[in-house]
Amino acid sequence: MKANSSATTLLRPPLSSMPATGLWWGLLGVAAFSFTVPFTRVAVEAMSPLFIGSARAVVAAVLAAAALLLTRQRLPSGVQWARLAVVTGGIVVGFPLLTSFALTAADASHGAVVIALLPAATATMAVLRGREHPRTAFWVATGVGAAAALAFAFIQSGGFGQLNWADVLLIGAVVAAAIGYAEGGLMARELGAWQTVSWALVLASPLMVLLTVLSMAQQPPSGTPIQWASFAYLGVVSMFLGFFAWYRGLAIGPMAQVSQIQLVQPVLSIGWAVLLLGEKLTMTTIIGGLAVILCAGVAVRIRLKPAPKTKPH
């Protein structure tokens, strides 16, 4: 693997020679993201999933535009705009909307287990996008992790062959985010990390504003103060401020170590679902979560190891 890449993003050279600093920033970012699934579950109890998925992006886009203007960032080029559209479709449009609709029916802990496949899925997309040739063990670990996530979804839905529509949406969200992260990682080499996310938010803003207006016309948003606070968190932290801490941690490095902190995220999300939402932690959730996280961790670690050098003939 190249020195400036990771399973989730690609960045410029390290900002500091103090690894502990990068790890703490990375952990702060992951901690911020870990509340996304539980708080989405809280918000969709009263608000339209279309409103939550689109309006949170509008809130983040306003903050992103302000940050880009204040720091006087250069505009992306024509080709970069096209590639940013891929990032936009994955992490600004696809993942928020699909998870919002899925969590109207699925528990937060259930969603966290399926989404735990994301690090391995992102590594896979990065491999395909970068035309890498990882060892067979990488594909085995990724395949077993996907099988574990599907088995968990089947069992929770009532048995094999009875996949719940919410699980289909969650798996779609994982694929969308993986594509967005992989392309965004490449873009981050050229534009900078948080700048890439910010430009993606700005690019998506016309569509997300339209969807927000449409959702409000269909169902005017209303909710309790806690539900509005959850929505505010999704827009301000999950889609914007969390990326500052996460990408700063990766920039400080060592990137290979910092990127693996993301494997802690589903554990934290399940914990928050139990503590904050009162969801029951079943043995199926524990076993399913551990299996998916373990396989994702193995896949990421295998990709992060440099490929063995071949001897010249």
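A cavity, on a 1 Å grid over the protein atoms alone, is a set of points where a 1.4 Å probe fits but cannot get out, and its lining residues have an atom within 4 Å of a point.

## About this model

Welcome to this structure, a predicted model in which local features need pLDDT of at least 70 and side-chain atom pairs count only at pLDDT 80 or more, while totals for chains, interfaces and linings use all residues. Residues are numbered from 1 along each chain as its sequence is written, and side-chain values use heavy atoms, with hydrogens and water left out.

## The largest cavity

The structure has two cavities of 30 Å³ or more, a volume being the space filled by probe spheres set on the grid points, which are joined across faces, edges and corners. The largest cavity holds about 350 Å³. Its lining is made of 21 residues, and those nearest the centre are F33, F95, L118, Y181 and Q265.

At least two lining residues come from each of α2 (36-43), α4, α5 (108-115), α6 (118-129), α8, α10 (225-252) and α12 (265-277). By class, 15 of the lining residues are nonpolar, five are polar and one is charged. Here Ala, Val, Leu, Ile, Met, Phe, Trp, Tyr, Cys and Pro count as nonpolar, Asp, Glu, Lys and Arg as charged, and the others, Gly among them, as polar.

## The second largest cavity

The second largest cavity has a volume of about 40 Å³. Around this space stand V87, I91, G180, Y181, G184, G185, T196, V197 and Y247. Helices α4, α8 and α9 (193-218) each give two or more residues to this lining, and α8 has the largest share, with four. Five of the lining residues are nonpolar, four are polar and none is charged.

Side chains of opposite charge can pair when their charged atoms come close. The model has two salt bridges, each defined as a side-chain nitrogen of Lys or Arg within 4 Å of a carboxyl oxygen of Asp or Glu. In one of them, E183 pairs with R83, with the closest N and O atoms 2.9 Å apart. Because E183 sits in helix α8 (residues 165-191) and R83 in helix α4 (residues 78-102), the pair ties together parts that are 100 residues apart in sequence.

R83 also meets E190 in a salt bridge, again at 2.9 Å from N to O. This pair links R83 in helix α4 to E190 in helix α8, 107 residues away. Together, R83, E183 and E190 form a network of salt bridges.

How buried or exposed are these partners? Buried means under 20% relative accessible area, exposed over 50% and partly exposed in between, using a 1.4 Å probe and protein chains only. E183 is buried at 8%, R83 is buried at 19%, and E190 is partly exposed at 35%.

## A closer look at S100

S100 also belongs to helix α4 and is buried, with 0% relative accessibility. A polar atom of the S100 side chain lies 2.7 Å from the backbone oxygen of P96. Beyond neighbours within four places in sequence, S100 is in contact (heavy atoms within 4.5 Å) with T40, V44, P49, I52, G53 and R56.

Conventions
Polar contact = N/O pair within 3.5 Å; in protein donor to acceptor, adjacent residues only side chain to side chain. 1 Å grid on protein atoms, 1.4 Å probe; cavity = no way out; pocket = protein on both sides within 12 Å on 5 of 7 lines; lining within 4 Å.
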